[in-house]
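Hi there,

Here is the structure I promised to pass on. Have a look at it first, and my notes follow below.

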Amino acid sequence: MSGGVLFLLLFVLLLAGMPVFAGIAATCAIFMQVTDIDFFMVIQRMYSGVDKMTLLALPGFLIAGNLMDQGGLAKRLVSFCELFVAKLPGGLPIVTVAASAIFGAISGSGVATTAVVGGIMLPEMKQRGYEPSYVGALITSGGVLDAVIPPSVILVVYGAATGTSIADLFKAGFSVGLFMMISVMILCIIQGRRQNITLVKKVYTKEMVLSTLKESILALLAPLLIIVGIFGGFVTPTECSVILIAYVILVCGPIFHELSLASIWESFKKAALQSAAILLILSTASVFGWIIAYTKLPNMLMNAILAITANKVLIVLAVNLVVLVAGMFMSGTAIVLIAAPILTVLCSTLQINPVHFGAMILMNLAIGCMTPPFGTCLYASSMVTKAPVEKIAVKIIPFLLVYFIDLVLLMLFPDIALIFV
């Protein structure tokens, strides 16, 4: 059985609705049965696939994200952002994007960010005259930023699967996420000037400002811990996740009184299930990656591409296009794990900086989370706003165009991703 047939079989199984780990495992089992490879290899490869110190950061950040989701940090972040930009044309959309970026950075979940920030901002934006479908498009475009802004789950999985430094990916993700956030904010200002929307007329007294800052500063210190700790080289991503858990429990428990022992226990249980699901996919994907290497598919594919063109720009453009389209149909985690062997060979052969290449892949996956037919954040925003997916999809086109422009600029100017690396 060739590597191409293997990919085709996996793609069919996933489209048929089979869970990612089951689809990968079934594909591997069929290949081994046909080629008569010893099934004992499966156990070895599954174990080696998750026997990596870097993966310890995964459950840590998942626990921290769940705790923040229940600890009332989102509403404080929204209040903080409102102080600075709410009175501008497009001010509320800017607040929404900023809050989504910050909350996404500390939760690591695009769906959670879309749901939480959308639930907070929807009533106020509807009162100001914004259509629910537009709000849906807005919170979707903000929610997908979690794919690139650390501590992104997909980012950790990409680093573990390809052997790329997770700390360097965190630094690249921060700069790329900031670049994407500012781009969408500029779009919000342009749209705000064109739309006949009632501006916020809320008057902030000195006491209100000080009170908001006092409550927000502790929430803002959470992403600051990640930035200073990892960028400064003081802690590893794993150590940072543990510090973040302790900090969130301290702030949201004894100080904010919004985190009970029961909710802490629920956060840990939820993170355990999430981690187990991801590690199960990782372990089966490790077997799949070994089989792909066994069939020599990455080298054959690379030789075939170089036979067509040796232009690095065209090759990178083609890879981005394939990942972008795949992201419209499959989860980002599945794409990273399945394509990891090929992506590694591409980086090595074309002498592309693996961190820059990873940033491009992650941006593609972020765009995939907001596009039909399977964009997870798109459907989450539809549930929050009660607007039909097709109406949100129309309103989301300007945001998609902005992200496409950002992707092209990232391809042409690697320093956007590497400025902090």
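Leaving aside neighbours within four places in sequence, which residues is Phe-399 in contact with? They are Tyr-134, Ala-137, Leu-138, Ser-141, Val-184, Leu-187, Gln-191 and Met-370, where contact means heavy atoms within 4.5 Å.

Before going on, please note that this is a predicted model, where local features need pLDDT of at least 70, side-chain atom pairs count only at pLDDT 80 or more, and totals for chains, interfaces and linings use all residues. Residues are numbered from 1 along each chain as its sequence is written, and side-chain values use heavy atoms, with hydrogens and water left out.

Phe-399 also stands out in the largest nonpolar core, which has 136 residues: together with Phe-357, Phe-399 touches the most other members. Such a core is a set of buried Ala, Val, Leu, Ile, Met, Phe, Trp, Tyr and Cys residues joined through side-chain atoms within 4.5 Å. Buried is under 20% relative accessible area, exposed is over 50%, and partly exposed is in between (1.4 Å probe, protein chains only).

Now for the charged pairs. The structure has two salt bridges, each a side-chain nitrogen of Lys or Arg within 4 Å of a carboxyl oxygen of Asp or Glu.

One joins Glu-131 and Lys-395, at 3.4 Å from N to O. Glu-131 sits in the loop between helix 7 (110-127) and helix 8 (132-143) and Lys-395 in helix 19 (residues 389-395), so the pair ties together parts 264 residues apart in sequence. Helices are DSSP runs (H or I, at least four residues), numbered from the N terminus.

The other links Lys-269 to Glu-266, with the closest N and O atoms 3.2 Å apart. Both lie in helix 13 (residues 261-294), three residues apart, about one turn of the helix.

Best wishes

Conventions
Helix = DSSP H or I, 4+ residues; strand = E, 2+ residues; numbered from the N terminus.
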